[in-house]
Amino acid sequence: MTHEYDDTNIFARILRGEIPNDTVAETDHTLAFNDITPQAPVHVLVIPKGKYVTYDDFHAKASDAEIVDFHRTCARICAERGIVADGYRAISNAGRNAVQEVPHFHQHLIGGRSLGRMLAPAG
Ligand code: AMP
């Protein structure tokens with residue numbers, strides 16, 4: 001996926017306050033909100049406020065402060081939402097092969113039920 005940022009993507013619109021979101025946490029650099037189509041009892045999306053398209057784009061270009069804040073916020077949400085003890089999945093889809101739908105880097109934090117294996121066996 002190209003790292004050219006599309007300002008019309010839905011998370012950019014959320015960050016500009018043009019459409020509502022169900023906020024879970026907010027810091028100077030990071031916003032977390034509940035996924036609109038949750039796939040488990042806990043399904044939070046964590047996004048940087050900066051304009052990064054994918055996981056690799058964010059970690060290559062963001063400042064140390066943004067990166068630390070992002071990951072500390074993810075950890076805090078896992079603890080606060082009570083998914084640490086039984087386990088959870090942290091996923092970031094990037095590009096075509098991963099079927100990334102929204103081209104603003106985001107991490108899914110999913111838990112609250114057994115999630116099965118990450119990928120179906122090939123074949
Ligand atoms: P991905 O396929 O990794 O790009 O995931 C995009 C996610 O964004 C999906 O799980 C959607 O349900 C979620 N999503 C799309 N629009 C919204 C929205 N307005 N508020 C919250 N989550 C959304």
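How many bridges pair strand β3 (residues 42-48) with β5, and in which sense? The two strands pair over five bridges in the antiparallel sense. Before going further, a word on the model: it is predicted, so to speak of local features a pLDDT of at least 70 is needed, side-chain atom pairs count only at pLDDT 80 or more, and totals for chains, interfaces and linings use all residues. Residues are numbered from 1 along each chain as its sequence is written, and side-chain values use heavy atoms, with hydrogens and water left out.

## The sheet and its helix

Helices (H or I, at least four residues) and strands (E, at least two) are DSSP runs numbered from the N terminus. Two strands pair if DSSP finds at least two bridges between them. Here, five strands make an open sheet with antiparallel pairing, in the order β1-β2-β3-β5-β4. At the edges sit β1 (23-26) and β4, each of which pairs on one side only. On average, neighbouring strands of this sheet are turned by 15° against each other, direction ignored. Such angles run from 0 to 180 degrees between N-to-C directions, with axes that are lines fitted to C-alpha atoms, for helices over the stretch in contact.

Helix α3 (residues 64-80) packs on the sheet and touches β1, β2, β3, β4 and β5. The direction of α3 makes about 165° with that of β3. Contact here means heavy atoms within 4.5 Å.

On the β4 side, four bridges join β4 to β5, and the two run antiparallel; Ala 90 has Leu 109 of β5 as its bridge partner. Is β5 enclosed or open? Five of its five residues are buried, so β5 is largely enclosed by the rest of the structure. Buried means under 20% relative accessible area, exposed over 50%, and partly exposed in between (1.4 Å probe, protein chains only). In a regular strand, side chains alternate between the two faces of the sheet. In β5 both faces are covered: Gln 107, Leu 109 and Gly 111 are buried on one side, and His 108 and Ile 110 on the other.

## The annotated histidine

In the UniProt record, an unreviewed entry, the annotation "active site" covers His 106. UniProt positions are given in the numbering used here, feature names are shortened, and annotations may be inferred rather than shown by experiment. His 106 sits in the loop between β4 and β5 and is buried, with a relative accessible area of 5%. Setting aside neighbours within four places in sequence, His 106 is in contact with Phe 11, Leu 45, Val 46, Ile 47, Ile 91, Ser 92 and Gln 100.

## Aromatic pairs

Across the whole structure, a search finds six aromatic pairs. Rings of Phe, Tyr and Trp (its six-membered ring) pair if their centres lie within 6.5 Å; planes under 30 degrees apart count as stacked, over 60 as edge-to-face and the rest as tilted. One of the pairs joins Phe 11 and Phe 33, with ring centres 5.4 Å apart and planes at 75°, so it is edge-to-face. Phe 11 belongs to helix α1 (residues 10-15) and Phe 33 to strand β2 (residues 30-34), so the pair ties together parts that are 22 residues apart in sequence. Phe 11 is buried at 6% relative accessible area, and Phe 33 is buried at 3%.

Another pair is formed by Tyr 55 and Phe 105: their ring centres are 6.1 Å apart and their planes are at 80°, so this pair is edge-to-face. Tyr 55 is partly exposed at 42%, whereas Phe 105 is buried at 1%. Ring pairs link Tyr 52, Tyr 55, Phe 58, Phe 70 and Phe 105 into a cluster.

## Salt bridges

Side chains of opposite charge can pair when their charged atoms come close. A salt bridge is a side-chain nitrogen of Lys or Arg within 4 Å of a carboxyl oxygen of Asp or Glu, and by this rule the count comes to seven. Here are some of them.

| Salt bridge | Closest N to O |
|---|---|
| Glu 18 and Arg 13 | 3.5 Å |
| Arg 16 and Glu 18 | 2.7 Å |

Asp 57 and Lys 61 both lie in helix α2, four residues apart, about one turn of the helix. Asp 57 is buried at 1%, whereas Lys 61 is exposed at 51%. Salt bridges that share partners also join Asp 7, Arg 13, Arg 16, Glu 18 and Lys 51 into one network.
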